[in-house]
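Please keep the sequence and the structure in view while reading.

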Amino acid sequence: VIRRDLEGEGHEVTVAATAVEAAAAFASEPSFDLAIVDVLLGEESGYELTAELIARSPEYLPVLLLTAGEIDRKKGYRVGADDFIVKPLESDELKARARSLVRIGRAIREQGRVVKERAEAYDKLVELDRLKSDFLSTVSHELRTPLNTIILLSHLIEKEGLSPADE
């Protein structure tokens with residue numbers, strides 16, 4: 001049902017029946033737009049899988065937890081879930097929540113990329129500012145040396161009233 005509904009919305013769906021299969025699928029393709037995790041995965045816990053997927057994700061990964069029973073929302077939020085849905089699933093609600101979480105996830109990832117780009121640009125500006133300061137210091141020193149000589153000679157001329165050519 002979930003696969004059919006999401007593929008009908010144009011999403012590429014990867015299905016895993018166990019936490020081990022999910023971890024393996026995530027290891028081979030770590031950039032998913034959304035993870036829908038059943039709280040009850042047989043012997044495994046969907047909560048633990050959620051925590052593992054989020055910890056291994058290189059970028060923000062929204063997670064929708066689903067179950068046929070009671071969801072421990074506190075535990076779900078603690079492991080990183082973003083939303084919850086209870087079985088039996090209503091197709092329209094599933095599609096709406098998936099669309100929303102995918103949109104939010106993409107926006108957060110894009111914002112992260114922009115922040116990273118700005119930080120890199122700032123680091124480059126800091127380096128350029130340092131290089132500019134070094135350049136100006138060097139130029140100032142190189143100009144100051146002959147200027148000091150000229151100033152000294154002009155003071156001597158002023159004091160003595162003679163030019164170097166007169167001597």
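Is Lys-87 buried, partly exposed or exposed? At 32% relative accessibility, Lys-87 counts as partly exposed, where buried means under 20% relative accessible area, exposed means over 50%, and partly exposed lies in between (1.4 Å probe, protein chains only). The model is predicted, so local features need pLDDT of at least 70 and side-chain atom pairs count only at pLDDT 80 or more, while totals for chains, interfaces and linings use all residues. Residues are numbered from 1 along each chain as its sequence is written, and side-chain values use heavy atoms, with hydrogens and water left out.

## The loop at Lys-87

Lys-87 lies in the loop between S5 and H5, and Pro-88 is found in that loop as well. Helices (H or I, at least four residues) and strands (E, at least two) are DSSP runs, numbered from the N terminus. The peptide bond from Lys-87 to Pro-88 is cis, with omega near 0°. In general, most peptide bonds are trans. Along the chain, Lys-87 and Phe-135 are 48 residues apart, and their C-alpha atoms are separated by 68 Å.

Strand S4 comprises residues 63-67, and five of its five residues are buried. Val-63, Leu-65 and Thr-67 point one way from S4, whereas Leu-64 and Leu-66 point the other way. In a regular strand the side chains alternate between the two faces of the sheet.

Two strands pair if DSSP finds at least two bridges between them. S4 pairs with strand S1 (residues 35-38) in the parallel sense over four bridges. Within this pairing, Asp-38 has Leu-66 in S4 as its bridge partner. S4 also pairs in the parallel sense with strand S5 (residues 83-86), over four bridges. There, Thr-67 stands opposite Val-86 in S5. Between S4 and S5 the chain passes through helix H4 (residues 73-79), and this β-α-β crossover is right-handed. The term right-handed applies if, with the strands pointing away from the viewer, the path from the first strand over the helix to the second runs clockwise.

## Helix H3

Helix H3 spans residues 46-56, and its residues Gly-46, Tyr-47, Leu-49, Thr-50 and Leu-53 are buried. Seen down the axis of H3, the buried residues fall within an arc of 160°, so they line one face of the helix. This arc is that of the directions from the helix axis to the C-beta atoms. The face turned away from the buried side of H3 carries the exposed residues Glu-48 and Ala-55.

## Salt bridges

Side chains of opposite charge can pair when their charged atoms come close. A salt bridge is a side-chain nitrogen of Lys or Arg within 4 Å of a carboxyl oxygen of Asp or Glu. A search of the whole structure finds 14 salt bridges. The table presents some of them.

| Salt bridge | N to O distance |
|---|---|
| Arg-109 and Asp-33 | 2.8 Å |
| Arg-113 and Glu-59 | 2.8 Å |
| Arg-97 and Asp-83 | 2.7 Å |

Arg-109 is buried, with a relative accessible area of 8%, whereas Asp-33 is partly exposed, with 29%. Asp-33 and Arg-109 are also linked with Arg-106 in a network of salt bridges.

Arg-113 is partly exposed, with a relative accessible area of 37%, and Glu-59 is partly exposed, with 35%.

Arg-97 in helix H5 and Asp-83 in strand S5 are 14 residues apart. Arg-97 counts as partly exposed at 23% relative accessibility, whereas Asp-83 counts as buried at 19%.

## A nonpolar surface patch

Helix H5 (residues 91-160) also contains Ile-151, which is partly exposed, with a relative accessible area of 43%. Ile-151 forms a nonpolar patch on the surface together with Leu-143, Leu-147 and Ile-150, with about 380 Å² of accessible area together. Such patches are made of residues with over 30% relative accessible area and no salt bridge; like charges are joined within 9 Å, and nonpolar side chains (Val, Leu, Ile, Met, Phe, Trp, Tyr) within 5 Å. Accessible areas come from the Shrake-Rupley method with a 1.4 Å probe, and for residues only the protein chains shown count as cover.
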